[in-house]
Amino acid sequence: MYAGSRMHLAVGARALSAAGVGLAVIATAAAGLALSAPGPGRPAAASASASGEVLVSPGVVRLEHETRPGPSDTKQCQQSFHISCYNPAQLQQAYDLPALYSRGITGQGATIVVVDPYGSPTIAGDLRTFDREEGISNPPSLRIIRPAGKVPAFKPGNAGMAGWASETTLDVEYAHTIAPGAKILLVETPGGSGTGNISMTQVITAEKYVIARRLGTVISQSFVATEQSIGSAGIRALRGAYTDAYRHHVTVLSGAGDSGAAGYQANGSSFYSYPVTGWPASDPLVTAVGGTRLNLDSSGKRNGADTVWNDTYSKTANQLINGNNGPNPLAGGGGTSVVFSRPAYQNTVSSVVGSHRGVPDISMSAACSGAVNIYQSFAGQTAGWYALCGTSEATPLFAGIVALTDQQAGHSLGLINPALYKLAAEHAPGIVNVTTGNNTVSFRQGGRSHKVAGFSARSGYNLAAGLGTVNAAYLVPELARLAG
């Protein structure tokens, strides 16, 4: 399903009745970051070519179309799919955004860069429809560029292109949901040497172009590959855009993955049977975004505290996404790197991460049992509303938070991780602990049942939810004070 010639990278979004997953790169000497040796019982990242020409392919997406002419509300999703759906107004309320909007903090002056292979041929019109139906103002601009080369014409029957088109739609619509006043720059890349594949070399080339020309303040990436499937040499060859971003004070985000403590092997179809961590989320120069499960009423107020997203053992979620009762890996990624040593900003959580880089840093809504609606109309499937989930939701949501903070600060923030960990150490109210749940997953493979023991949430930093989630009304001014 995810075959690639050298590396498997999975799409961060999961569509209901879909397959998908979540991405993240490496350290810079300027930041005092170093590659690490694997610890006892920790398999090292495999040797890989350092050429940088890494070809990968997204998951095949089978979307569940909503039959209503408009987006389903929570009650309607519960009746139709037996899950919850949350609309933009609910998410805005859940993260306490109206308090910022009332002060004019909407992301004005910031530009969110969304990077997606192939992109979507209908994204401009789809965003206008999404905004109109959801009551959101149009962004100041939605600009599309292709700095890595010409993007091939969209082929409706190509599952890879369709998957990336849905990914693009989710990324754009939900970054805009959080920061409606920010500009959106969609960076599309040509794909790769084969239809449906993507080249990470092209992604890095495109990101370097954006960074060098200062075209955006925050970059959102929603794709993931396990460190072992790439190898440390391959990661070194692809680190350039993230070191450039560090030097130019551009914030880079990446989803931590949607397979919990597990992850795909290089063949793209089999899972590792031991805990692994995704790249580029594991890069110390990237902010890794994990997943939570919200429990909201119709207005967006919480019926209960956020928990770690884990739908692995939900028969309902598995039926919608995989067409069976499961269990299948369906949870927020997290763990410790076998490539990167602990960065200085994680010294305050060394009792959790040990001598290695820990992932994630922060978490946002991602659960498939608490999905979001997108509108898409590209050819090959019925135009309309679809429910999606995964760290491809969480990552653009947090990109919106960063854009709001850029406006509050009056400048781009650059690497925000040191500030996030400092705020957590100070028990700042903008960071909200997630203390319930885990990212342990199970699956059948090779005729056997496997269980990959993950990590449990707890007060303070943990390898399931990171530092926790956010209350934006507090976090935005707090982060603006410290970051950059």
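How many disulfides does a search of the whole structure find? The search finds two disulfides in this predicted model. With the bonded cysteines of the chain numbered in sequence order, their pairing is 1-2, 3-4.

**Disulfide of Cys77 and Cys85**
- Cys77 is joined to Cys85 by a disulfide, with an S to S distance of 1.9 Å.
- The torsion about this S-S bond is about -75 degrees, so the disulfide is left-handed.
- Cys77 and Cys85 are both buried.

**Disulfide of Cys368 and Cys389**
- The sulfur atoms of Cys368 and Cys389 are 2.1 Å apart and form a disulfide.
- Here the S-S torsion is about 80 degrees, so the disulfide is right-handed.
- Cys368 lies in the loop between β17 and β18, and Cys389 in strand β19, so the pair ties together parts that are 21 residues apart in sequence.
- Cys368 counts as buried because its relative accessibility is 0%, and Cys389 counts as buried because its relative accessibility is 0%.

**Helices α5 and α12**
- The axes of α5 (residues 159–178) and α12 (residues 391–409) come within 7 Å and cross at roughly 35 degrees.
- The crossing of α5 with α12 is right-handed.
- Residues making the contact include Leu170 and Tyr174 of α5, and Leu397 and Ile401 of α12.
- The contact residues comprise eight nonpolar, two polar and three charged.

**Helix α10**
- In α10 (residues 315–322), the buried residues are Ala317, Asn318, Leu320 and Ile321.
- Viewed down the axis of α10, these residues fall within an arc of 165 degrees, so they line one face of the helix.
- Gly323 follows α10 and has a positive phi, near 75 degrees.

How values were computed: Residues numbered from 1 in each chain as written. Predicted model: local features only at pLDDT ≥ 70, side-chain atom pairs only at ≥ 80, totals over all residues. Heavy atoms only, no water. Buried < 20%, exposed > 50% of the residue type's maximum accessible area, 1.4 Å probe, protein only. Helix = DSSP H or I, 4+ residues; strand = E, 2+ residues; numbered from the N terminus. Arc of directions from axis to C-beta. Axes fitted to C-alpha atoms, helices over the stretch in contact; angles between N-to-C directions. Left-handed = near helix turned anticlockwise from the far one by under 90°. Contact = heavy atoms within 4.5 Å. Nonpolar A, V, L, I, M, F, W, Y, C, P; charged D, E, K, R; others polar. Disulfide = S-S within 2.5 Å.
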